[in-house]
Amino acid sequence: CNGERTLLAEKNEPATLLVANKEYQIEIVVKDHTTSFWVDGQCLFTQTDTDLPKEGYFGFRSTYSRQTIWDFCVERLPK
């Protein structure tokens with residue numbers, strides 16, 4: 001990984017934009033070199049990368065955001 005942060009895709013159709021005062025169920029699944037991003041059971045993003053680091057950190061970007069994150073958990077998927 002060279003540190004580049006390339007924008008892979010952008011979803012800006014009305015059906016994929018956030019709605020004020022609505023709660024969303026978000027799932028981010030990383031398995032077998034593939035990352036997928038789910039909102040309310042609908043997969044909005046999938047990317048396969050065989051060069052993903054095995055260890056590291058992640059974070060939430062909340063700058064200029066009015067979002068609240070609650071009931072957060074990380075689970076290990078069965079092999």
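Student: How do you know that the sulfur of Cys43 is too far from the closest cysteine sulfur for a bond?

Tutor: The closest cysteine sulfur, in Cys73, is 18 Å from the sulfur of Cys43, whereas a disulfide requires a pair of cysteine sulfur atoms within 2.5 Å. The distance of 18 Å is therefore too far for a bond. A search of the whole structure finds 0 disulfides. This is a predicted model, in which local features need pLDDT of at least 70 and side-chain atom pairs count only at pLDDT 80 or more, while totals for chains, interfaces and linings use all residues. Residues are numbered from 1 along each chain as its sequence is written, and side-chain values use heavy atoms, with hydrogens and water left out.

Student: Why is Cys43 called partly exposed?

Tutor: Its relative accessible area is 31%. Buried means under 20%, exposed means over 50%, and partly exposed lies in between (1.4 Å probe, protein chains only). Cys43 therefore counts as partly exposed.

Student: Is Ser36 buried or exposed?

Tutor: Ser36 has a relative accessible area of 10%, so Ser36 is buried.

Student: What does Ser36 contact, leaving aside its neighbours within four places in sequence?

Tutor: Contact means heavy atoms within 4.5 Å. Leaving aside those neighbours, Ser36 is in contact with residues including Cys43, Phe45 and Thr46.

Student: Why does Phe60 count as partly exposed?

Tutor: Phe60 has 46% relative accessibility, and therefore counts as partly exposed.
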